[in-house]
Amino acid sequence: MTSPNNDGGAVLSHDLTDIADDVPGNAVELLIDEKVFGLRMVDTPEGRNKASVLINKMYSWRGYGTHTLSDDPNRVTLTSTHKGEVVGTLTLGLDSPMGILADQIFKDEIDAFRARGCKVCELTKLAFDPTVQSQALMASLFNLGIMYGRDVHGCSDLFIEVNPRHRRFYQQMLGFKQLGEPKSNPRVDAPACLLWVSFAYMSEQTALWGGKGKQAAGGERSLYPLFFSQREEAGIVNRLRDIN
């Protein structure tokens, strides 16, 4: 089984319904431009340390301070690796009695969703190595985070805090919408916008475009053509549920 490439699209190295025994249950292996990448949930101190190194490398020049990933049951950290090195990472924050990080400055906006019975989560600590220029890899890591939030943990709505100058990327590439006006984020001493997207919308876009690749999708400019197809998602989700 293969999907389109050409950054382009990720080509999976195994059929996800019959994945090789040497690939861990919480991992997906990708072949992009003849390079093998691993996508996985980080569940060891060593893995979290490697992800933290990339986060701090990418955040330090912006003056965003030092960040450490802790072993927290309400935080799911995912990484993409190449030859053992972390080249991309993001963390999915699950709602709990303690809330999510975005509650610090956007609690009223997020509580409005909770009041309607929505189960919320957030994306934080995104970092990608600039030497690995691959939209397909970035899309696949986002896609894995979405599967953890939507399918494994049953969330309905996803939030992210971003600097206002970065909001257009998330709006155009993933369909996020801005809620309210920017506010000052004391955690990074910088302005932040609260962006929101429903997992229902993401599922619709994946059904339309997932697995097709940029070329086959014609003028579609989002990341969704670089997502896994629905069939591939189903295989990954089944494995993720088995280990959670």
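1. In this predicted model, the axes of helix H3 (residues 135-152) and helix H4 (residues 167-174) approach to within 13 Å and cross at roughly 80 degrees. Angles of 65 to 115 degrees count as roughly perpendicular, and H3 is therefore roughly perpendicular to H4.

2. The contact between these two helices can be described residue by residue. On the H3 side stand Gln135, Met138 and Phe142, and they meet Phe169, Tyr170, Met173 and Leu174 of H4.

3. Regarding the protein as a whole, its secondary structure consists of 7 helices and 9 strands. It has 244 residues, of which 53% count as buried. The exposed surface comes to about 11400 Å², and carbon and sulfur atoms supply 50% of that area.

4. The contacts also show how parts of the sequence are brought together. Among contacts in the protein with a separation of 6 or more, 64% are between residues 24 or more positions apart.

5. Is valine 237 buried or exposed? Its relative accessibility is 5%, and buried means under 20%, so valine 237 counts as buried. When residues up to four places away in sequence are not counted, valine 237 touches Met147 and Asp151. The C-alpha atoms of valine 237 and tyrosine 148 are 7.9 Å apart in space, although the two residues are 89 residues apart in sequence.

6. Which residues does glutamine 205 contact, leaving aside its neighbours within four places in sequence? They are Gly210 and Tyr224.

7. The protein has an average pLDDT of 84, and 85% of the residues score at least 70. Among its elements, helix H2 (residues 103-115) has the highest mean pLDDT, 98, whereas strand E1 (residues 11-12) has the lowest, 41. Throughout residues 1-23 the pLDDT is below 50; in the model, this stretch has 61 contacts beyond near neighbours in sequence.

Notes
Residues numbered from 1 in each chain as written. Predicted model: local features only at pLDDT ≥ 70, side-chain atom pairs only at ≥ 80, totals over all residues. Heavy atoms only, no water. pLDDT = per-residue confidence, 0-100. Helix = DSSP H or I, 4+ residues; strand = E, 2+ residues; numbered from the N terminus. Contact = heavy atoms within 4.5 Å. Axes fitted to C-alpha atoms, helices over the stretch in contact; angles between N-to-C directions. Parallel < 35°, antiparallel > 145°, perpendicular 65-115°, else oblique. Buried < 20%, exposed > 50% of the residue type's maximum accessible area, 1.4 Å probe, protein only. Areas by Shrake-Rupley, 256 points an atom, 1.4 Å probe, with all protein chains shown as cover.
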